[in-house]
Amino acid sequence: MSDIKNPALREKLAPHRRSAWTPEVVDGDGAPDGSRLGGAPWLRTGEAWPACGSCGRPMQLFVQLNARDLPPPAAARLEGGLLQFFYCTSDDDACTVDAEPWAPFSPTAFLRLVARDDLGGGTAAVAAPDTFPGKRIVNWAESADYPNWEELGDRGLTLSDEESDTLSEAGFPLGGEKLLGWPLWVQGVEYPSCPDCGERMELLFQVDSEQNLPYMFGDAGVGHVTQCPRHRGRLAFGWACY
Ligand SMILES: [Zn+2]
Ligand SMILES: [Zn+2]
């Protein structure tokens, strides 16, 4: 597991260290309710493929995570259920003008947590010709992860410029797709607040541009699926780019 080499800095950051898990994938969708990036989604019997709340076109499935396939801390966050994140990939002005597709709670994204007991009555949708190729997650590689200098500052730890450089040169926060850990913020720290209780939402899964999914958020943007710590079914997706 890679970590910060400098022992003094590693010790200073130790209270802010978290585990993150990076997906290892193979081509293909796998089980209807299995964990994957892209591919055809699990849907309830008779349920229509989710459509964009802005333009009405079918969305792409970006992320489907089944708690049974996840490391225990993440499985607990899903309360044993199935997380799905759909996103509209249309760049048509008719969709994106006014919809603010980068912002949490945009109508261009749809997220839900399906309870485990509801998974029996459903199956995988039939893929359309333009459906993203499915990448089944076969393993999770655990790594250390650290917040960036700005988020550390918010948590009361000020780094010198040299320490900040060491942290980012060591590759933290981790880029690419990952489960839990710390967000790689392209702009500032931008956690949304839960619309129900106002609590700051937490990172559940990070989606990066053109890693496992053939899609770029703006100019090489990075996006985050976040979740209310009190209302696990309250989910959001937002992204920022360079
Ligand atoms: Zn749309
Ligand atoms: Zn809440």
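So, what order do the strands of the open sheet have? Going across, the 10 strands run E6-E5-E4-E2-E8-E1-E9-E10-E11-E12, with antiparallel pairing. Before I go on, a word on the ground rules. This is a predicted model, where local features need pLDDT of at least 70, side-chain atom pairs count only at pLDDT 80 or more, and totals for chains, interfaces and linings use all residues. Residues are numbered from 1 along each chain as its sequence is written, chains are lettered from A and ligands numbered from 1 in the order written, and side-chain values use heavy atoms, with hydrogens and water left out.

Back to the sheet. Strands here are DSSP runs of at least two residues, helices are runs of at least four, and both are numbered from the N terminus. Two strands pair if DSSP finds at least two bridges between them. Strand E6 (109-114) and strand E12 (235-240) are the edges, each pairing on one side only.

Now look at E5. It runs antiparallel to E4, with six bridges joining the two, and Asn 66 stands opposite Leu 82 in E5. Six bridges also join E5 to E6, again antiparallel, and there Gln 84 stands opposite Arg 112 in E6. Six of the six residues of E5 are buried, so the strand is largely enclosed by the rest of the structure. Buried means under 20% relative accessible area, exposed means over 50%, and partly exposed is in between, using a 1.4 Å probe and protein chains only. Leu 82, Gln 84 and Phe 86 point one way from E5, while Leu 83, Phe 85 and Tyr 87 point the other way.

Over at E10 (residues 202-208), the pairing with E11 (residues 222-227) is antiparallel over six bridges, and Asp 208 has Val 222 in E11 as its bridge partner.

Next, the metals. Donors are N, O and S atoms within 2.8 Å of the metal (3.2 Å for Na, K and Ca), and since water is not among the atoms, sites may look incomplete. The zinc ion (ligand 1) is held by the SG atoms of Cys 52, Cys 55, Cys 88 and Cys 95, at 2.2 to 2.4 Å. Cys 55 sits in the loop between strand E3 (42-44) and strand E4 (60-66), and Cys 88 in the loop between strand E5 (82-87) and helix H3 (93-96), so this pair ties together parts that are 33 residues apart in sequence. Cys 88 is buried at 4% relative accessibility, whereas Cys 55 is partly exposed at 25%.

The zinc ion (ligand 2) has Cys 194 (SG), Cys 197 (SG), Cys 228 (SG) and His 231 (ND1) as its protein donors, lying 2.0 to 2.4 Å away. In sequence these are spaced C-x2-C-x30-C-x2-H. Cys 228 is buried, at 0%, and His 231 is partly exposed, at 31%.

What about the angles among the four donor atoms of the zinc ion (ligand 1)? They come out at 105 to 114°, and the site is tetrahedral. For the zinc ion (ligand 2) they are 103 to 118°, also tetrahedral. Four donors get that label if all angles lie between 85 and 135 degrees. The ideal tetrahedral value, for reference, is 109.5 degrees.

Notes
Four donors count as tetrahedral if all angles lie between 85 and 135 degrees; four count as square planar and six as octahedral if opposite donors are over 155 degrees apart and all others between 65 and 115; anything else is irregular.
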